[in-house]
Structure formats: C-alpha cells, structure tokens
Amino acid sequence: MRLLSIPSVRAVETATAIANQLNCKIEVDDGFSELDFGDWSGIPVAQLEEDSRYQRWKEDPWLNAPPRGESLTAMRLRLFQSVSKLTTSMAAAGQPLILVIHFFPLLVLFSILAVGKEVRCDNASISRLLNR
C-alpha cells in the first residue's frame, strides 16, 4: 500500500489517520497540491464577488487564473507531470495507491485519468479508480 498526501495540515491529518489504520507510511508530495489562488489566497469569496477577474475565473477557471495564481490548465500540466512520475514508479510495484488531496487537484486528476467521463467529486469524499 502506498499513501501519498499533499503537504497541507488538513490533508496530512487525514493521511495520518489512514496510515495508522493501514500501518503504512505517508509520502508527502506537493505536486498534487491545491490550486494556487495567488493574490486571492485567504480572501473570503464574498469579498471577491465584485471583482471582474473573479467573475472571469468563475466562468472559465481552465483558462483564467487568479492574479499571480494558476489556471486549471496550468494545474493540469503540473498534475500530469506528477501522475507520470507516480505511474512510472508504481508500474513495476503493482501496489494500490491512496491519495489525500483537495478538491481542485481531484477535479483535474479526474480530467487526466477519466478522459471524456463526467466525474463528480465532493469535499470530504472518497473516490475509487480501478485500472481495468
């Protein structure tokens, strides 16, 4: 069993509970980290509602990025690189993988691994992907 977590406190806390149950170690990897919200980090959404840049981002977060942040397309490239490294290292091992990540990386990960399929992900959800 391989357990990988992003470095955020919430994710590591969740990964720790999983690791304790499965008796495995946690690998921390920032390649799967949450979307970089740049200048919007820590600002409540209610304060951004009047910002035209935020409205553009909401309309198409794949092409529009927060100021000094990243778009979902940029995040997709980052995640694709991380997924490529991960699958290469795991190909020979054939072991299951648990990822503890946040909403936007999961959304983008689905766009990489389940091309053409609409997959819903919710906060605090468990998603299972099978290689068939």
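How do the residues of the lining of the largest pocket divide into nonpolar, polar and charged? They divide into 23 nonpolar, nine polar and four charged, where Ala, Val, Leu, Ile, Met, Phe, Trp, Tyr, Cys and Pro count as nonpolar, Asp, Glu, Lys and Arg as charged, and the others, Gly among them, as polar. The model is predicted, with local features requiring pLDDT of at least 70 and side-chain atom pairs counting only at pLDDT 80 or more, while totals for chains, interfaces and linings use all residues. Residues are numbered from 1 along each chain as its sequence is written, and side-chain values use heavy atoms, with hydrogens and water left out.

**The two pockets**

A pocket here is an open set of points on a 1 Å grid over the protein atoms alone where a 1.4 Å probe fits, with protein on both sides within 12 Å along at least five of seven lines, and lining residues have an atom within 4 Å of a point. A volume is the space filled by probe spheres set on the points, which are joined across faces, edges and corners.

The largest pocket has a volume of about 1,500 Å³. Its lining comprises 36 residues, of which L97, I98, L99, L106 and S127 are the closest to the centre. Two or more lining residues come from each of α1 (9-22), α4 (72-91), β3 (97-100) and α5 (103-113); these elements are DSSP runs numbered from the N terminus, helices being H or I of at least four residues and strands E of at least two.

The second largest pocket holds about 150 Å³ of space, and its lining has eight nonpolar, two polar and no charged residues. Among the residues that line this pocket are F37, W40, Y54, W57 and F104, and α2 (45-48) and α3 (52-59) each supply at least two lining residues.

**Aromatic pairs**

The whole structure contains seven aromatic pairs, meaning rings of Phe, Tyr and Trp (its six-membered ring) with centres within 6.5 Å, whose planes count as stacked under 30 degrees, edge-to-face over 60 and tilted for the rest. Two of them are tabulated here.

| Pair | Centre to centre | Angle between planes | Class |
|---|---|---|---|
| F37 and F104 | 5.8 Å | 65° | edge-to-face |
| W40 and Y54 | 5.5 Å | 75° | edge-to-face |

W40 lies in the loop between β2 and α2 and Y54 in helix α3, so this pair ties together parts 14 residues apart in sequence. Both W40 and Y54 are buried, that is, under 20% relative accessible area with a 1.4 Å probe and protein chains only (exposed is over 50%, partly exposed in between). F104, at 16% relative accessibility, also counts as buried. Ring pairs link F37, W40, Y54, W57, F103 and F104 into a cluster.
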